[in-house]
Amino acid sequence: MGKQIMRKPFIAGNWKMYKTVAEGVALAEGLKQTLADVTTMELAVCTPATALMAVGQTLAGSHIGVGAQNMFWKDEGAFTGEISPLMVKEWAQYVILGHSERRQFFGETDETVNLKLKAALAHGLTPIVCIGESLDQNKAGETVDFVGSQMRGAFTGVSAGDAVKVVLAYEPIWAIGTGLTATPEDANRIIKAAIRDVLTALYDAETAGAIRVQYGGSVKPDNMADFIVMPEIDGALVGGASLKVDSFTAIVKNAIAALSV
Ligand code: PEP
């Protein structure tokens, strides 16, 4: 028997710091064609800020949404180099927050993720909040405690009504861009213990059961099916394999086939 689907599956691409405007538009045009018939799954591409407008225009009217990869929490002001929720929402519906690369290289903390999460929700953007442990934490058996603390930090002061609008991406840092992946069983177990159970404690079982959790970390066409059939995994955040029409399309199609949706 197949997986009982409680939440709409959602696969998003994270283009990271790749793609000029012209390259991004070409990729979006390709995906618009190859994924034109996909309606059973939510889809998005998260582009560099410079490509949001052009990719947003390219994908307007398609089933593929657009997301930013970061934003500041204020609407406007003297914050050189930042982009605001007002600027993001002109072209995008989603925003990735707290990606491990931003935590590692740009000083993102649980506190700033929380401020950004509240700003995204206030502006009607769907946040994709990334959480996940380092290899050392994983080896030391600290994963559930650490991811649980990232969860509590992110959701501080967020109501249950808003929490259900959040998408989470469980991304073990050691699996991002490395070709290594958590086993689907381990990812499922950690999502249950460190995410779903923490949400139940923070809110209630109904709220926890309504929130979508993606897996991220070297998702490829040939491993997508193994993750998406797991009961706690509702989709994927895809980095490297989202940069080509063929591989992102194959990931989506393989997920659809595995779920029979
Ligand atoms: C990511 O960028 O969030 C990611 C998971 O990257 P990759 O798929 O390349 O590991």
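A residue is classed here as buried when its relative accessible area is under 20%, as exposed when it is over 50%, and as partly exposed in between (1.4 Å probe, protein chains only). The structure is a predicted model, in which local features need pLDDT of at least 70, side-chain atom pairs count only at pLDDT 80 or more, and totals for chains, interfaces and linings use all residues. Residues are numbered from 1 along each chain as its sequence is written, and side-chain values use heavy atoms, without hydrogens and water.

By this criterion Ser84 is buried, with a relative accessible area of 4%. Ser84 is placed in the loop between strand 3 (64–68) and helix 3 (85–88); helices (H or I, at least four residues) and strands (E, at least two) are DSSP runs numbered from the N terminus. Contacts (heavy atoms within 4.5 Å) link Ser84 to Phe72, Lys74 and Asp75, when residues up to four places away in sequence are not counted. A polar atom of the Ser84 side chain also lies 3.1 Å from the backbone nitrogen of Leu86.

Around the ligand, an oxygen atom of the ligand is 2.6 Å from a polar backbone atom of Gly177. A ligand oxygen atom likewise lies 2.8 Å from a backbone N or O atom of Ser218.

Technical notes
A polar contact is a pair of N or O atoms within 3.5 Å; within protein, one must be able to donate a hydrogen and the other to accept it, and residues adjacent in sequence count only if both atoms are side-chain atoms.
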